[in-house]
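My notes follow in the order I took them.

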Amino acid sequence: PPSPLQPPGLPLAPRRSFSNNKIQVELDESSGVAMMKFKSPPVNSLSLEFLTEFSISLEKLENDRACRGVIITSALPKIFSSGLDITEMCGKSMEHYAEFWRAVQEMWLRLYGSNMVTVAAVNGSSPAGGCLIALSCDYRIMAENPKFSIGLNEAQLGIVAPFWFKDTFVNVVGHRIAERSLQLGSLHPAPEAHRLGLVDELVPEEKLTEKAAAVMAQWLALPDHARQLTKTMMRKAVLDRLVAHREEDIKNFITFISKESIQKSLRMYMEMLKKKK
């Protein structure tokens, strides 16, 4: 018998789910749009496991003929992603730091270079690595809440955003705004982020998903190949730069993160977070 929820004669739009531990992915085959939700409580921090799942999910969607675009958002209230998981960078082995940093690179190379249309629906605060994820998408919509902020605030923790974080930031907001914001390690409240061009649009929180779908439809109205070739043309130099210097970038990260002074400031930061709870 027909399902009571489903009017007769309307086939259910096939939805495929790729969910794993920390990331839920649902692909709507009729629209070709996947919804990817970060679900790694408490704050969607980018651990090695999270980054690996993220890259695998992107790769699966990229290889799926039915998928043309992905909306990236958080399943947790108030936070999009808090950025790189500090515990992965504290008191671990050189091998671990290398593996972790390679996973961070991989995530960015896949997302920034994706053939799909990528829309970030930023429904909470998005510091550091969370900001990088949003910056790497084609379009950013943020919830219109001044309590939510976004930015590359690495300098505040006594660490330095890598050159490819910087390049991605400059490509979005321009050199001067990026330079000031990076030096100060600024976290910009949503209205300010919009004014600086760090996010493209602000909408009331409850309209975020709807707006993301509308923007996605607008981008998908174009022939894929023209959009993809244009995206490649715009982003290739920045992507190539990391690919060419990948090993060197990993070495730099290991050298930097292993310094006792840096380990100390990360430990202090972790203590501060524990007190906040």
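**Charge over a ring.** I began with Arg 235, whose charged end sits over the ring of Tyr 112, 4.2 Å from the ring centre. The rule I used asks for NZ of Lys or CZ of Arg within 6 Å of the ring centre and within 35 degrees of the ring normal. This is a predicted model, so I kept local features to pLDDT of at least 70 and side-chain atom pairs to pLDDT 80 or more, while totals for chains, interfaces and linings use all residues. Residues are numbered from 1 along each chain as its sequence is written, and side-chain values use heavy atoms, with hydrogens and water left out.

**Asp 138 and its partners.** I then followed Arg 235 to Asp 138, with which Arg 235 forms a salt bridge, the closest N and O atoms being 3.6 Å apart. A salt bridge here is a side-chain nitrogen of Lys or Arg within 4 Å of a carboxyl oxygen of Asp or Glu. The two residues are 97 apart in the chain, Asp 138 in the loop between α3 and β10 and Arg 235 in helix α8. I took helices (H or I, at least four residues) and strands (E, at least two) as DSSP runs, numbered from the N terminus.

Asp 138 also meets Lys 231 in a salt bridge, at 3.1 Å from N to O. This pair too links distant parts of the chain, 93 residues apart: Lys 231 belongs to α8 (residues 224-244), and the loop holding Asp 138 runs between α3 (128-135) and β10 (139-143).

Are these residues buried or exposed? I set buried at under 20% relative accessible area and exposed at over 50%, with partly exposed in between (1.4 Å probe, protein chains only). Lys 231 and Asp 138 are both buried. Asp 138 has a relative accessible area of 13% and therefore counts as buried. Arg 235 is buried as well, at 11%.

**Other salt bridges.** How many salt bridges does the structure hold? I noted 18. One of them joins Arg 267 and Glu 260, at 2.7 Å from N to O. Glu 260 is exposed because its relative accessible area is 52%. Arg 267 has 39% and so falls in the partly exposed class. I also found a network of salt bridges linking Glu 59, Glu 106, Arg 110 and Arg 246.

**Aromatic rings.** Next I listed ring pairs and got 11 aromatic pairs. Rings of Phe, Tyr and Trp (its six-membered ring) pair if their centres lie within 6.5 Å; planes under 30 degrees apart are stacked, over 60 edge-to-face, and the rest tilted. Why is the pair of Trp 164 and Phe 165 edge-to-face? The planes of the two rings stand at 65°, with the centres 4.9 Å apart, so the pair is edge-to-face. Both residues are buried. Tyr 112, the ring under Arg 235, belongs to a cluster that ring pairs build from Trp 101, Trp 108, Tyr 112, Trp 164, Phe 165 and Phe 253.

**Cysteines.** I looked for disulfides (pairs of cysteine sulfur atoms within 2.5 Å) and counted zero. For Cys 131 the closest cysteine sulfur is in Cys 137, 11 Å away, which is too far for a bond. Cys 131 is buried at 0% relative accessible area, and Cys 137 is buried at 1%.

I counted two strands as paired if DSSP finds at least two bridges between them. Strand β1 (residues 15-17) runs antiparallel to β2 (residues 23-28), with three bridges. Arg 15 has Asp 28 in β2 as its bridge partner, and the hairpin between β1 and β2 passes through five residues. β2 in turn pairs with β3 (residues 33-38), again antiparallel, over six bridges. Four residues lie between the strands in that hairpin, where Gly 32 takes a positive phi near 75°.

**Ala 34.** My last entry is Ala 34 in strand β3, the bridge partner of Leu 27. Ala 34 counts as buried because its relative accessibility is 0%. Beyond neighbours within four places in sequence, its contacts (heavy atoms within 4.5 Å) include Val 25, Leu 61, Cys 67 and Ile 71. From Ala 34 to Asp 64 I noted 11 Å, C-alpha to C-alpha, at 30 residues apart in sequence.
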